[in-house]
Amino acid sequence: MVRTVSILVINPNSSQSMTTALGPILKDLLHSRLLLHYHTGPAGRSPQSVDDTTTNILSAAHTFETLLPLRSESEQEKYDAYLVACFSDHSLVGMLREHTTKPVLGIFEASVMQAIALGQPFGIVTTGVYWEGALTSGVKRIFGSEGMARAFVGVASTGLTARQLHEVEQGIVFEKIASATSRLVATGAKTIIMGCAGMSGMADAVRRGSNGEDTRIIDAVRSGVTTLEGLVKTELK
């Protein structure tokens with residue numbers, strides 16, 4: 001019997017518009033046996049954008065509080081897996097794993113795993129300059145540093161915050177993403193990860209920056225959904 005997989009997609013910042021924007025981007029992944037539900041960090045408490053260590057921790061703590069009811073038996077039965085839709089080594093991933101036996105994955109982990117599986121040098125296009133160092137450290141912490149020189153080209157920032165991706169004029173946003181992509185391709189990247197949930201659906205900007213090179217593009221949120229769906233379906237009971 002083919003089971004139905006129910007995934008809770010969690011945006012730990014308080015930007016409801018960012019959460020709402022994910023629906024149309026993930027719509028083509030839906031089918032009769034896959035259900036996606038959404039949760040947004042609490043307004044007025046969770047930051048509107050996760051841009052550094054402080055907002056990472058605050059968004060994790062405040063969003064975790066609103067997810068505490070998930071510990072109840074009825075809530076545990078509602079979802080098969082949890083996806084933290086913030087592209088970082090986000091604290092909420094580990095916090096949730098301490099309170100559920102269901103699969104929990106961050107879009108950062110999912111997309112890097114996919115990039116490694118593709119077997120080509122990869123780079124990450126991100127938002128602010130802070131993330132260049134933070135994401136590089138995150139890749140090393142989660143996946144180890146051995147062989148990094150061959151697989152991981154690095155991180156290039158757009159200079160925008162996650163919130164600005166949807167507030168700044170889209171022509172400017174696309175140009176900044178294209179410019180960051182171009183820098184990574186010039187250093188040898190063959191796979192580009194769009195390193196922010198707010199970048200989902202902006203693959204055309206990455207294509208523009210690839211300058212005609214045969215470049216694979218990974219949408220981190222879509223990667224997270226498909227990875228979790230596969231994990232749940234292949235789990236042996």
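The lining of the largest cavity comprises 10 nonpolar, six polar and no charged residues (Ala, Val, Leu, Ile, Met, Phe, Trp, Tyr, Cys and Pro count as nonpolar, Asp, Glu, Lys and Arg as charged, and the others, Gly among them, as polar). The model is predicted: local features require pLDDT of at least 70 and side-chain atom pairs pLDDT 80 or more, whereas totals for chains, interfaces and linings use all residues. Residues are numbered from 1 along each chain as its sequence is written, and side-chain values use heavy atoms, with hydrogens and water left out.

The volume of the largest cavity is about 120 Å³. Among the 16 residues that line this cavity, Val50, Cys86, Phe87, Ala162 and Cys196 are the closest to its centre. Two cavities of 30 Å³ or more are counted. A cavity is a set of points, on a 1 Å grid over the protein atoms alone, where a 1.4 Å probe fits but cannot get out, and lining residues have an atom within 4 Å of a point. Grid points are joined across faces, edges and corners, and a volume is the space filled by probe spheres set on the points.

Helix packing was examined next. Helices are DSSP runs (H or I, at least four residues) numbered from the N terminus; their axes are lines fitted to C-alpha atoms over the stretch in contact, with angles from 0 to 180 degrees between N-to-C directions. Helix 5 (residues 107–118) packs on helix 10 at an angle of about 85 degrees, with the axes 8 Å apart. Helix 5 is therefore roughly perpendicular to helix 10 (65 to 115 degrees). In this contact (heavy atoms within 4.5 Å), Ile107, Ala110, Ser111, Met113 and Gln114 of helix 5 meet Ala220, Val221, Ser223, Gly224 and Thr227 of helix 10. These residues divide into five nonpolar, five polar and no charged.

Helix 10 (residues 220–234) also packs with helix 1 (residues 16–26), at about 65 degrees and with the axes 11 Å apart. Leu22, Ile25 and Leu26 of helix 1 meet Val221, Arg222 and Val225 of helix 10. By class, the contact of helix 1 with helix 10 has five nonpolar, no polar and one charged residue.

Helix 5 crosses helix 6 (residues 130–143) at roughly 75 degrees, the axes coming within 11 Å, and these two helices are therefore roughly perpendicular to each other. Phe108, Glu109, Val112, Met113 and Ile116 in helix 5 meet Leu135, Gly138, Val139, Ile142 and Phe143 in helix 6. The residues of this contact comprise eight nonpolar, one polar and one charged.

Terms used
On a 1 Å grid over the protein atoms alone, a cavity is a set of points where a 1.4 Å probe fits but cannot get out, and a pocket is an open set with protein on both sides within 12 Å along at least five of seven lines; lining residues have an atom within 4 Å of a point. Angles under 35 degrees count as roughly parallel, over 145 as roughly antiparallel, 65 to 115 as roughly perpendicular and the rest as oblique.
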